[in-house]
Amino acid sequence: MGNLIGVLGRSTIHSLNRLMDLCALTYRLLAISIQLPHIGRVLIKRVMVEQVYFTAVQALPVIIPVALIIGSLMIVQFSQLSGQVDLGKLVVLLMLREIGPMITAIVVILRSATAVTIETSYMRVLNEIDTLEMAGIDPMHTVCLPRLMGITSAVVSLVLVFDLTAIIGGYAVVRGVTRLPVEGFIQQIAKGVEGTDIVVGLLKGFFFGITITVTCLYHGLARKSQITQVPVATSRAAMDCFFYCLVINIFVSFIFYV
């Protein structure tokens with residue numbers, strides 16, 4: 001019994017320490033982003049554009065089909081309840097508020113968060129981070145900041161693309177392929193959607209982007225001595241990103257709708 005309490009206590013302290021480290025890293029990166037240094041701006045912008053291209057543009061062939069499938073399935077299933085529920089309002093509630101931001105976050109975690117963790121882990125193992133520091137270059141400016149700005153802006157953009165594709169594209173697919181009674185769906189959407197729904201979805205995307213970036217950078221930049229530690233760090237980063245995004249999703253929904 002005593003050992004069990006000891007294990008739980010050490011695990012809790014370790015989790016709290018890691019959470020505090022993540023908060024400190026987030027604060028430092030946000031402070032740097034507000035006071036963007038004059039030196040190295042060209043390099044920061046170039047890395048940020050590359051990160052946006054990798055995270056957002058190259059993810060479109062994944063995001064668009066997934067959004068079409070989920071949007072079509074939701075409209076097909078909910079159209080069976082036609083007359084019992086407001087189809088447009090129901091789709092808005094689920095897609096804009098919950099499903100769009102979460103599915104987008106999962107895609108970004110699977111593609112970009114794991115890639116950034118692996119990249120920074122190799123930079124740590126191969127002493128590239130130490131080399132930058134010895135050359136007087138702060139890795140927070142050249143490695144972390146452009147990825148924070150790039151991934152965050154990419155996640156917000158992808159949430160918008162996912163929502164529009166799922167609603168409009170899903171409606172077009174159902175209308176063109178089936179004979180289900182979905183007339184007036186767009187009018188119901190226009191009537192059901194509110195500015196708060198759009199703001200909440202984009203706000204979740206913003207927080208997801210920061211959380212995903214900081215978490216994978218934290219695991220990637222952690223001190224490692226062997227390459228065999230890279231897969232472990234990548235797995236932990238992906239699981240932590242998913243858990244933190246889930247908690248943030250619940251927290252934001254609770255603030256705005258409860």
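Which residue's side chain meets that of Arg-46 in a salt bridge? I looked this up first. The side chains of Arg-46 and Glu-50 form a salt bridge, at 3.4 Å from N to O. I used the term for a side-chain nitrogen of Lys or Arg within 4 Å of a carboxyl oxygen of Asp or Glu.

Notes on the model. I am working with a predicted model, where local features need pLDDT of at least 70 and side-chain atom pairs count only at pLDDT 80 or more, while totals for chains, interfaces and linings use all residues. Residues are numbered from 1 along each chain as its sequence is written, and side-chain values use heavy atoms, with hydrogens and water left out.

Entry on Arg-46 and Glu-50. I placed the pair in helix H2 (residues 41-57), where the two are four residues apart and therefore separated by about one helical turn. Helices here are DSSP runs (H or I, at least four residues), strands likewise (E, at least two), numbered from the N terminus. Arg-46 is partly exposed, with a relative accessible area of 47%. Glu-50 is also partly exposed, at 44%. For these words I took buried as under 20% relative accessible area, exposed as over 50% and partly exposed as in between, with a 1.4 Å probe and protein chains only.

Entry on the other salt bridges. I have a count of eight salt bridges by this rule. One of them joins the side chains of Asp-138 and Arg-28, at 3.1 Å from N to O. That pair links distant parts of the chain, 110 residues apart: Asp-138 is in the loop between helix H5 (128-134) and H6, and Arg-28 is in helix H1 (residues 2-34). Asp-138 is partly exposed at 27% relative accessibility, and Arg-28 is partly exposed at 40%.

I then looked up Arg-223 and Asp-130, whose side chains meet in a salt bridge at 3.5 Å from N to O. Arg-223 lies in the loop between helix H8 (195-221) and H9, and Asp-130 in helix H5, so the pair ties together parts 93 residues apart in sequence. Arg-223 is exposed, at 61% relative accessibility, whereas Asp-130 is buried, at 18%. Salt bridges with shared partners join Arg-124, Asp-130 and Arg-223 into one network.

Entry on helix packing. I checked H4 (residues 87-125) against H9 (residues 229-257): their axes come within 9 Å and cross at roughly 150 degrees. The axes are lines fitted to C-alpha atoms, for helices over the stretch in contact, and angles run from 0 to 180 degrees between N-to-C directions. This makes H4 roughly antiparallel to H9; angles over 145 degrees count as such, under 35 as roughly parallel, 65 to 115 as roughly perpendicular and the rest as oblique. I noted 17 nonpolar, six polar and two charged residues in this contact. In that count Ala, Val, Leu, Ile, Met, Phe, Trp, Tyr, Cys and Pro are nonpolar, Asp, Glu, Lys and Arg are charged, and the others, Gly among them, are polar.

I also checked H4 against H6 (residues 139-177), where the axes come within 9 Å and cross at roughly 150 degrees. H4 and H6 are therefore roughly antiparallel to each other. The contact of H4 with H6 has 17 nonpolar, three polar and three charged residues.
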